[in-house]
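Thanks for making time this morning.

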Amino acid sequence: MKTDLYVTCATDREQLELLDLLRRRGYRFPGGRPLPGDDLPRRDGRPDRLPWALDTVRREAAHTSAAAVGYLSRLRGLSPAPFSRLDREAL
């Protein structure tokens, strides 16, 4: 997966909207597994708002850690995009 966009979500609702948008646009996890439906990634029993790394060419998505996003953003010169300001047409 060659990430070319990082997306962050401020709320669980934003994350559900992002997942719905990605599913409608044909995104899957690397390896072809479908993205989750209404169940968010969880940590300690609570929904976890992890940043999403997107490969807009291969239509792949993966949740990742904030530390990885920070490091890779600096390395590749990318800036994470908040879902609220995301250009949905870029997906």
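Leaving aside its neighbours within four places in sequence, which residues is Thr3 in contact with? Before I answer, please keep in mind that this is a predicted model. Thr3 is in contact with Ala53, Leu54, Arg76 and Leu78, once those neighbours within four places are left aside. Thr3 belongs to the segment before strand 1, and with a relative accessibility of 10% it counts as buried, because the limit for that class is under 20%.

Let me turn to helix 1, which runs over residues 12-24 and therefore has 13 residues, with 18 Å from its first C-alpha to its last, close to the 18 Å expected at 1.5 Å a residue. Its buried residues are Glu14, Gln15, Leu18, Leu19, Leu21 and Leu22. Why do these fall on the same side of helix 1? They do so because the arc they cover around the axis is only 165°. As for what they pack against, the buried residues of helix 1 meet strand 1 (5-8), strand 4 (52-55) and strand 5 (60-63). On the face turned away from that buried side, helix 1 carries the exposed residues Arg13 and Arg24. After helix 1 comes Gly26, and its phi is positive, near 90°.

A positive phi also turns up at Arg59, where the value is about 60° although this residue is not a glycine. Arg59 sits in the loop between strand 4 and strand 5, and its relative accessible area of 30% makes it partly exposed, because that class lies between 20% and 50%.

Next, there is Arg74, which has its place in helix 2, residues 66-76. Is Arg74 buried or exposed? With 65% relative accessibility it counts as exposed, because the threshold for that class is over 50%.

I will end with the aromatic rings. As for pairs of aromatic rings, the count comes to 1.

Note on methods
Residues are numbered from 1 along each chain as its sequence is written. This is a predicted model: local features need pLDDT of at least 70, side-chain atom pairs count only at pLDDT 80 or more; totals for chains, interfaces and linings use all residues. Side-chain values use heavy atoms; hydrogens and water are left out. Helices (H or I, at least four residues) and strands (E, at least two) are DSSP runs, numbered from the N terminus. Buried means under 20% relative accessible area, exposed over 50%, partly exposed in between (1.4 Å probe, protein chains only). The arc is that of the directions from the helix axis to the C-beta atoms. Contact means heavy atoms within 4.5 Å. Rings of Phe, Tyr and Trp (its six-membered ring) pair if their centres lie within 6.5 Å; planes under 30 degrees apart count as stacked, over 60 as edge-to-face and the rest as tilted.
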